[in-house]
Amino acid sequence: MTSAQFDGKAVIVTGGGTGIGRATARAFAAQGAGVLVVGRTASRLAETAQGLPGVRPLVADVAAPGAAEMIVGAALDHFGRVDVLVNNAAVVRRTPRDDTSGRQAAGQMVATNLLAPMYLAQAALPQLATHAGVVVNVSTAIGQRGWPMPDGGLYVALKAALETLTRTWAVQFAPHGVRVAAVAPGPIATPIAQHQGLDPGQAAALRTALIAHVPLGRIGQPDEVAFWITQLARPEAAYTTGVVIPVDGGAVVA
Ligand SMILES: NC(=O)c1ccc[n+]([C@@H]2O[C@H](COP(=O)([O-])OP(=O)(O)OC[C@H]3O[C@@H](n4cnc5c(N)ncnc54)[C@H](OP(=O)(O)O)[C@@H]3O)[C@@H](O)[C@H]2O)c1
């Protein structure tokens, strides 16, 4: 897609070095936006930005203290404004209660998947309010239908909390002219399973199990999620706020 729908606008995409975040950053850039891609791994961000002068990488841990202000400040340095915030970065960790590392993993998930989007939205609000901006949160379809996750229910619970924040912010930010929405992807072909520490065999087994719950019978592609994220940010969506759009091959209605 090469329209100039987002010409002159500035977008922050967290977790923009891989998967859905990379596809989203590229989709916004292809439509004219300047995009700040945020992640912890410089090489991944550089790959996202390759050949796209409008995409600027920022190596940062969204869960670090002060990260939200720093990220918004970097977007202002590069582009002078912020129109869209995409809260996409997340981690999936097992959290056994009888294990110190499990407690640490739980803390990391809370800080990355929930607190970071919250602080970023707060830090970006003055800019978003200036430009009739939009926040798009990335949730998950499995939170809406229930899914067994050994030691892993926290991931789903945090996504449910993010959806609640989506509705809360939609009401709270509306007087500022800021819209808030979310997408809830089903199984999407990204490196998320490797990032969870699954080996290729485990990742394939998980994928097969997930696809069994998808009426369309296949895994989704990152571009298919990026499409809806960009649609929600378009001015034509100006009467849409507080929604969570499933992008899951029908999993949530099966
Ligand atoms: N793939 C699916 O099937 C699926 C389904 C439903 C929902 N989702 C959601 O979609 C979103 C994107 O996931 P994905 O599938 O594209 O997986 P992914 O490739 O693992 O993407 C997650 C990204 O977040 C970044 N990240 C993680 N922790 C970070 C931190 N503290 N600070 C900055 N960046 C951080 C990672 O990069 P670094 O490690 O380099 O920082 C990575 O690029 C997530 O919110 C996920 O929960 C995915």
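Biologist: In this predicted model, how many residues surround the ligand, and which are the closest?

Modeller: The ligand is surrounded by 29 residues, and the closest are Thr18, Thr41, Tyr155, Thr190 and His195. By residue class, the shell divides into 13 nonpolar, 12 polar and 4 charged residues, and helix 1 (19–30), helix 6 (153–173) and helix 7 (192–195) each supply at least two of its residues.

Biologist: Why is the chain said to agree with a compact globule?

Modeller: For 254 residues, a compact globule would have a radius of gyration near 18 Å, and the chain has 17 Å, so the value agrees with that expectation. Along its principal axes, the C-alpha trace spans about 45 × 40 × 40 Å, and the chain contains 9 helices and 7 strands. Of its 254 residues, 48% count as buried. Among contacts between residues at least 6 apart in sequence, 71% join residues at least 24 apart.

Biologist: Why is Thr230 called buried?

Modeller: Buried means under 20% relative accessible area, and Thr230 has 1%, so Thr230 is buried. This residue is found in helix 9 (residues 222–233), and, leaving aside neighbours within four places in sequence, Thr230 is in contact with Phe6, Ala27, Phe28 and Gln31.

Biologist: How do you know that Thr112 counts as buried?

Modeller: The relative accessibility of Thr112 is 8%, which is under the 20% limit, and therefore Thr112 counts as buried. Thr112 sits in helix 4 (residues 100–130), where a polar atom of its side chain lies 2.8 Å from the backbone oxygen of Gln108. When neighbours within four places in sequence are left aside, the residues in contact with Thr112 are Val62, Ala63, Ala89, Ala90, Val91 and Pro117.

Biologist: Why does His131 count as partly exposed?

Modeller: Partly exposed covers the range between the buried limit of under 20% and the exposed limit of over 50%. His131 has a relative accessibility of 22%, so His131 counts as partly exposed. His131 lies in the loop between helix 4 and strand 5 (134–138).

Biologist: What makes the pairing of His131 with Arg81 a polar contact?

Modeller: The side chains of His131 and Arg81 are joined at 3.2 Å, and because the cut-off is 3.5 Å, this distance is within the limit for a polar contact. Not counting residues up to four places away in sequence, His131 touches Arg81, Val82 and Asp83. The C-alpha atoms of His131 and Gly177 are separated by 8.3 Å, with the two residues 46 apart along the chain.

Notes
Residues numbered from 1 in each chain as written. Predicted model: local features only at pLDDT ≥ 70, side-chain atom pairs only at ≥ 80, totals over all residues. Heavy atoms only, no water. Near = heavy atom within 4 Å. Helix = DSSP H or I, 4+ residues; strand = E, 2+ residues; numbered from the N terminus. Nonpolar A, V, L, I, M, F, W, Y, C, P; charged D, E, K, R; others polar. Rg over C-alpha atoms; globule rule 2.2 N^0.38 Å. Buried < 20%, exposed > 50% of the residue type's maximum accessible area, 1.4 Å probe, protein only. Contact = heavy atoms within 4.5 Å. Polar contact = N/O pair within 3.5 Å; in protein donor to acceptor, adjacent residues only side chain to side chain.
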